[in-house]
Amino acid sequence: LPYTPLENEPPLFALGSTLAEAGHQVLCVGYGTAGRTGFSRVRHGYHLYRVYRPDFMRTPRLLRGAIRVANYWRGILHLVRRWVPDLIFAHNYDVLPLALYVGAKTHAPVIYYCTEYTEKPGIREYLTGWGFLKAVEPLIVRRCPVAISVEPNRAILQAKEWKRPIDCVILNAPKYDDRFAERAITQLENRSGPLRFVYAGRISEEQCIDQLVSAAMAGGFHLDLYGHVDSGFAPRFHSAMESAQETGEHLIVYRGKVKYGELKEVLLGYDVGVCLY
């Protein structure tokens, strides 16, 4: 149960495929975008189900969010009448109460496989309603028999916040692709020249992009950046990129956004990937 659009969710899709390969029946339920709703087959034993997500863009944000959450709950509860689960995976705090409710009705244990780490809520989060769900996360997690994190350092933070141990870490990544790995290794072995660094992801102050660009300028290495630039951070980011271009060497370049499905091929052109938590 991820409360996300089922488009680009590597850890969820990898988990579903792994369970299906082991002979289990898996249903991943999120919501649909651009009119995509209902069932779709990934492979034998593994299906996606997209709940309709109302638009209501002209309504106040809090009301719009409440309507969407209510519609998601209604869709899940309607589905559970026909598809009774033996085990439930919840993937973030916003779906935990629903997972626990469905688990109680169907006598299915709930595993919390937290694919996103969210800090303690502030005033803004409470005003949008999500803060209340985040605030009760520790209470609900302590009722789950298994808690899984996606990264060791994140697991330490979560164990402190939830006041319970993290049972295991499953790295937040797609399934390993042997053939693609061979192509990547071959490309790295047969090239020369200066190191090429790449960052692909959200471009914002929280991701330490300022520091990354400064380090690239000071170190004189090639750095390409891909991703969505947060509107509030855009003036600073573009100013930093202009400063980098003024050196005349054009070692640091913003390449715009890239579709997730095309990202693997893009990354083949680099030596070092920068991952910022």
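**Close-up views of a predicted model**

**View 1. C28 is a buried cysteine.** C28 has a relative accessible area of 8%, which makes it buried. Buried means under 20% relative accessible area, exposed over 50%, and partly exposed in between (1.4 Å probe, protein chains only). The closest cysteine sulfur to that of C28 belongs to C114, 15 Å away, too far for a bond. C168 is partly exposed at 33%. Its sulfur lies 13 Å from the closest cysteine sulfur, also in C114, and that is too far for a bond. The whole structure has 0 disulfides (pairs of cysteine sulfur atoms within 2.5 Å).

This is a predicted model: local features need pLDDT of at least 70, side-chain atom pairs count only at pLDDT 80 or more, and totals for chains, interfaces and linings use all residues. Residues are numbered from 1 along each chain as its sequence is written, and side-chain values use heavy atoms, with hydrogens and water left out.

**View 2. D224 sits in strand β9 (residues 222-226)**. Helices (H or I, at least four residues) and strands (E, at least two) are DSSP runs, numbered from the N terminus. D224 is buried, at 10% relative accessible area. Its side chain makes a polar contact with the side chain of R255 at 3.1 Å. Another polar contact, of 2.5 Å, joins the side chains of D224 and Y270. A polar contact is a pair of N or O atoms within 3.5 Å; within protein, one must be able to donate a hydrogen and the other to accept it, and residues adjacent in sequence count only if both atoms are side-chain atoms.

**View 3. Helix α7 (residues 152-162) has buried residues R154, A155, Q158 and W162**. Seen down the axis of α7, they fall within an arc of 100°, so they line one face. The arc is that of the directions from the helix axis to the C-beta atoms. The face turned away from this side carries exposed N153 and K160. An α-helix has 3.6 residues a turn, so residues three or four places apart point the same way. Just after α7, K163 takes a positive phi of about 55°.

**View 4. R236 and D210 form a salt bridge**. Their closest N and O atoms are 2.1 Å apart. R236 lies in helix α10 (residues 234-245) and D210 in helix α9 (residues 209-219), so the pair ties together parts 26 residues apart in sequence. A salt bridge is a side-chain nitrogen of Lys or Arg within 4 Å of a carboxyl oxygen of Asp or Glu. The structure holds 12 salt bridges.
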